[in-house]
Amino acid sequence: GEVGSGGAANGSSYLGSNGGGLVKLTAGTLNLLGSILADGGVVTNGSGGGAGSGGGVLINTGTLSGSGTISARGGSVTASTSWGSGGGGRIAIYYNTNTLPVANIIATGGKSKDGSNASRNGGAGTIYLKDSAKLKGDVIIDNGGIATTRSTAIPGGDYGLVDVKGGAKISMTGDLTPGMDMVISGSTLTLNGGITSP
């Protein structure tokens, strides 16, 4: 996990927002009813700079449950389509048992104002889920329907499920071996290598 980078400034008067922080949590049992947030900062000034990227969340737990949210969203620029929003951060969860809904784990990029300018919206972050009973972890890259021209770079590797959706664009260097399924919906994959069957 890494902290998120800050957004670019517009001169000395209009600063970009902070990047998201880094959360590392180890627990035997985690019943999450609230939120774990490492979101990038939001820019609300119309003349302001860029928004910060999402940070990192690393969780090691025996049992993860609850109805809460884990988030490393990119920051948004709420008053302008001229400045870029932050990319999503990185979330990795290692567990023995997980009943927290996957939809509650979010690493989308931020929006530039109303989200209409894809070149100013942030790219998706990554979600890595590793069940200790399985040999391979699952990778989810979901931009939540936010259109973007920004690609999410991930290394090739040997994964379980690879799920790319919600307008995400990913570029992968190296060979990809999906162990279960590879699902790409409403998204773009650029592969600088090959896809091999397990």
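The legends below describe close-up views of a predicted model.

View 1. Of its 198 residues, 42% count as buried, and the chain exposes about 8,800 Å², of which carbon and sulfur atoms supply 49%. Among contacts between residues at least 6 apart in sequence, 54% join residues at least 24 apart.

View 2. Strand 8 (residues 138-142) is largely enclosed by the rest of the structure, because four of its five residues are buried. Strand 7 (residues 126-131) pairs with strand 8 in the antiparallel sense over three bridges, and these two strands form a hairpin with six residues between them; within this pairing, tyrosine 128 stands opposite valine 139. Strand 10 (residues 162-165) runs parallel to strand 8 and is joined to it by four bridges, with aspartate 142 standing opposite lysine 165.

**View 3. The largest nonpolar core, seen around isoleucine 70.** This core has 18 residues, and those with the most contacts inside it are Ile70, Ile91 and Ile93. Strand 1 (22-32), strand 3 (56-66), strand 5 (90-98) and strand 7 each supply at least two of the core residues. When residues up to four places away in sequence are not counted, the residues that isoleucine 70 touches include Leu32, Ile36, Val57, Ile59, Leu64, Ile91 and Ile93. Apart from this core lies another, of eleven residues, among them Ala124, Val139, Ile154 and Met172.

**View 4. The salt bridge between aspartate 39 and arginine 73.** The closest N and O atoms of this pair are 3.9 Å apart. Aspartate 39 lies in the loop between strand 2 (35-37) and strand 3, whereas arginine 73 lies in the loop between strand 4 (69-71) and strand 5, so that the pair links distant parts of the chain, 34 residues apart. Aspartate 39 counts as partly exposed at 26% relative accessibility, and arginine 73 is also partly exposed, with a relative accessible area of 32%.

View 5. Aspartate 158 forms a salt bridge with lysine 136, the closest N and O atoms being 3.0 Å apart; aspartate 158 belongs to strand 9 (residues 151-159), and lysine 136 to the loop between strand 7 and strand 8. At 45% relative accessibility, aspartate 158 counts as partly exposed. The side chains of aspartate 163 and lysine 165 meet in another salt bridge, at 3.2 Å from N to O. Aspartate 163 counts as buried because its relative accessibility is 12%, under the 20% limit, while lysine 165, at 27%, counts as partly exposed.

Notes:
Residues are numbered from 1 along each chain as its sequence is written. This is a predicted model: local features need pLDDT of at least 70, side-chain atom pairs count only at pLDDT 80 or more; totals for chains, interfaces and linings use all residues. Side-chain values use heavy atoms; hydrogens and water are left out. Buried means under 20% relative accessible area, exposed over 50%, partly exposed in between (1.4 Å probe, protein chains only). Two strands pair if DSSP finds at least two bridges between them. A nonpolar core is a set of buried Ala, Val, Leu, Ile, Met, Phe, Trp, Tyr and Cys residues joined through side-chain atoms within 4.5 Å. Contact means heavy atoms within 4.5 Å. Accessible areas come from the Shrake-Rupley method with a 1.4 Å probe; for residues, only the protein chains shown count as cover. A salt bridge is a side-chain nitrogen of Lys or Arg within 4 Å of a carboxyl oxygen of Asp or Glu.
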